[in-house]
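Biologist: I'm new to this one, so please pick a single spot and take me through it slowly. Start with the whole thing, then zoom in.

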Amino acid sequence: MGRLRSETERSEISHDQLRAMQLAKLRAGLPDVLATNAFWRARLQDVRGWDDFERLPLTTKSELVADQAAAPPFGTNLTYPVDRYVRLHQTSGSSGGHPLRWLDTAGSWDWCARIWAEHVYRAAGVTREDRVFCAFSFGPFLGFWSAFSGAERLGSLCISGGAMTSEQRVHTILDLGATVLLSTPTYALRLAEGARDVGIDLARSGGIRVTIHAGEPGASIPSTRDAIEAAWSAVSFDHTGMTELGPTGHSCSARDGVHLIESEYIFEVTSEGELLATNLGRWGMPLLRYRTGDRVVASREPCSCGSPFLKLVGGIRGRVDDMFTVRGVNLYPSQVEEIVRRYREVGEFVIEHRRERQMDEVAVVVETLVSDFPVERLEADLRQALGVRLGCRVVAPGTLPRSELKARRVVRL
């Protein structure tokens with residue numbers, strides 16, 4: 001079954017047609033997997049319909065890690081001989097545990113690049129006329145590697161920001177006339193902060209018109225998105241994906257969530273609100289009914305942008321394993337960030353979580369230049385929004401760690 005070729009087709013395709021497309025792609029890819037992939041051969045049976053699919057077991061990251069440990073270096077989730085694969089990436093390890101190594105064939109890598117070109121960039125209005133700057137170290141994890149290839153496929157000028165300091169990246173963006181920035185949300189704010197430190201106002205000096213962010217939920221958090229857009233005088237978009245899955249979703253003009261790319265994946269949401277994903281174009285090292293660990297709220301309501309795809313309302317709300325409890329109230333870092341980022345004086349923040357006398361104690365630590373920062377007002381805003389008291393304290397600028405990768409918001413002491 002052919003891929004979706006235009007926004008018009010995307011807006012006209014029905015949910016039943018999408019389901020038929022998904023099932024056809026799944027059934028086309030599974031025979032090779034069942035024949036030669038040792039990891040999945042022991043877990044799967046032929047899928048003739050949706051009832052068969054829903055009986056397949058869920059897959060966890062811990063199972064994949066254990067498989068690679070037992071059969072190093074790549075594990076047994078290999079549909080083809082190793083010499084058929086052309087790229088190796090690995091997870092960042094930021095979620096804890098050992099990083100996962102992931103292999104791509106030329107075909108599966110082209111699939112990743114096509115998703116960026118035809119879905120993510122299209123939703124953000126990026127064209128071949130743009131100059132795309134990736135503020136990314138280009139290490140072994142997937143990060144924006146696939147975004148870079150997607151921009152090449154689109155015909156844009158691709159600019160690598162690897163092996164540069166933040167100040168060098170700012171000057172490169174300006175010198176080369178970059179129009180699109182790709183980074184984590186936190187690092188976009190860090191770049192703007194670094195520019196101000198050397199007397200550059202990016203909102204006035206920069207030519208960036210679109211920013212695309214991944215790795216954290218910040219670009220779907222209104223106050224964080226507003227801060228990025230004000231700093232860069234640009235329109236910000238969210239993007240979701242995982243090294244082991246590929247690029248999975250993007251925000252849209254409605255600015256109220258992330259659309260999951262259902263023409264290339266099968267998505268499910270458990271009763272606990274965890275997102276499951278099955279990729280339909282990475283058959284050399286596939287994932288079926290994979291527990292992403294992302295906490296979401298999904299909606300099938302029609303979107304003003306015209307996309308027929310499932311929407312995650314508010315984007316990814318947080319990681320299931322990031323939840324912390326204060327006085328019986330379950331909280332996620334994204335809920336705290338939405339309040340803290342309303343205070344433009346805050347440069348960076350972390351959430352300190354400790355156990356004292358069998359009780360969870362949580363404090364929000366903010367970094368700011370303002371000598372009379374309104375700590376009590378922030379505490380009151382947090383209590384009103386979250387229904388529980390969180391203590392706050394201020395530290396000097398430069399105290400908290402900075403990273404171009406995923407920000408570590410919760411520090412467990």
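Modeller: Let's begin with how the chain meets itself: of the contacts with a separation of 6 or more, 66% are between residues 24 or more positions apart. Contact here means heavy atoms within 4.5 Å. Bear in mind that this is a predicted model, where local features need pLDDT of at least 70 and side-chain atom pairs count only at pLDDT 80 or more, while totals for chains, interfaces and linings use all residues. Residues are numbered from 1 along each chain as its sequence is written, and side-chain values use heavy atoms, with hydrogens and water left out.

The protein has 13 helices and 21 strands, which are DSSP runs numbered from the N terminus (helices are H or I, at least four residues; strands are E, at least two). Its radius of gyration is 22 Å, close to the 22 Å that the globule rule gives for 413 residues, so the protein is as compact as a globular protein of that length. That radius is taken over C-alpha atoms, and the rule is 2.2 Å times the number of residues to the power 0.38. Along the principal axes, the C-alpha atoms fill a box of roughly 65 × 55 × 45 Å.

Now for the spot I'd pick: N77. You'll find N77 in the loop between helix 5 (61-70) and strand 1 (85-90). Is N77 buried or exposed? N77 counts as buried because its relative accessibility is 2%.

Have a look at what the side chain of N77 does there. It makes a polar contact with the side chain of W40, at 3.0 Å. A polar contact is a pair of N or O atoms within 3.5 Å; within protein, one must be able to donate a hydrogen and the other to accept it, and residues adjacent in sequence count only if both atoms are side-chain atoms. A polar atom of the N77 side chain also lies 3.0 Å from the backbone oxygen of P286. Both partners turn up again in the list of what N77 touches: leaving out residues up to four places away in sequence, that list is N37, F39, W40, D67, W102, G284, M285 and P286.

Apart from neighbours within four places in sequence, V120 is in contact with I115, I212, H239, G249 and H250.

Methods. Buried means under 20% relative accessible area, exposed over 50%, partly exposed in between (1.4 Å probe, protein chains only).
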